[in-house]
Amino acid sequence: MRLEGLNPRRVGIFSDIHGNYQALQSVVQCLDSLSVDLMVCCGDVVGYGANPNECCELLRERQIPTIAGNHDYAALAKIDITYFNEVAKRAITWTRKTLTPENEQYLRSLPLTVELSEMLFVHASPRNPEAWNYIITMGDARQSFKHYGQRVCFIGHSHTPFIVENEGGNLSCPEKPEIAMREGCRYLVNVGSVGQPRDRNPDACFCLYDREARRLEIRRTKYDMTRAQDNIREQGLPIELAERLAYGL
């Protein structure tokens, strides 16, 4: 899907909400405070967490362009979940029963990619987005750069944030969470996870792209984790899903 008629100065990008409404609220509020002109969600709205409907409804209400993730497809029975672990399977089965018809239809309408100017947004990888491949190594990143022409591609999926800079085929990963984009370089940015970070930092993660200042920044924000954990327990979802939130695993 291509977004037309938009020229945002600051863009907030987030991904992998996984039914964690409290974390999503915090990220959206933080982006509002940063005066972004556009927010984009890179998929996996549902799965794991206890508030899939509330997450869908917030995205719908705010008209945030959103991409389909593999857990969204799983909740719609659009992909085989035999490769999911048992905890993920239980969460998806519960989510399927819990989604309202309106939110099920909303998830069904989501595209696999969104394009805007020099930006591409995709859940897993620009190379065969529907294959849900992970970008973990520099080799994975190198292959990915071959499959998009935009200056910067934003992804999620692995729940681990990173920035890869491509200077004429020479790839590097800046260590700092905020960088100035260099002339002639292209970028691949994993924006981390809103609802279930896995980089040992439990705070909700997202990316701020200042197009005017030409800066990329991975940011974190705290949220009401206790409420999110209580919701998981109250719905009878696997206790591991509540416990892991505290550790960023």
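A residue is called buried here if its relative accessible area is under 20%, exposed if over 50%, and partly exposed in between, using a 1.4 Å probe and protein chains only. The model is predicted: local features need pLDDT of at least 70, side-chain atom pairs count only at pLDDT 80 or more, and totals for chains, interfaces and linings use all residues. Residues are numbered from 1 along each chain as its sequence is written, and side-chain values use heavy atoms, with hydrogens and water left out.

Start with helix α5, residues 101-108. Its buried residues are Asn103, Tyr106 and Leu107. They line one face of the helix, because seen down the axis of α5 they fall within an arc of 95 degrees. That arc is taken from the directions from the helix axis to the C-beta atoms. An α-helix has 3.6 residues a turn, so residues three or four places apart point the same way. The cover over the buried residues of α5 includes α2 (52-62) and α3 (70-75); contact means heavy atoms within 4.5 Å. Helices (H or I, at least four residues) and strands (E, at least two) are DSSP runs, numbered from the N terminus.

Now turn to the sheet. It is open and has six strands, in the order β3-β4-β5-β9-β6-β7, with mixed pairing. Two strands pair if DSSP finds at least two bridges between them. β3 (113-116) and β7 (170-172) stand at the edges with a single partner strand each, so one side of each has no neighbour in the sheet. From one strand to the next, the twist averages 15 degrees. Its axes are lines fitted to C-alpha atoms, and angles run from 0 to 180 degrees between N-to-C directions. Strands β6 (162-167) and β9 (186-190) pair in the antiparallel sense over five bridges. Isoleucine 163 has valine 189 in β9 as its bridge partner.

The aromatic rings come next. The whole structure holds five aromatic pairs. Rings of Phe, Tyr and Trp (its six-membered ring) pair if their centres lie within 6.5 Å; planes under 30 degrees apart count as stacked, over 60 as edge-to-face and the rest as tilted. Phenylalanine 121 and phenylalanine 154 are stacked, because their ring centres are 5.4 Å apart and their planes are at 15 degrees. Phenylalanine 121 sits in β4 (119-122) and phenylalanine 154 in β5 (152-155), 33 residues apart. Phenylalanine 121 counts as buried, at 0% relative accessibility. Phenylalanine 154 also counts as buried, at 0%. Ring pairs join Phe121, Phe154 and Tyr209 into a cluster.
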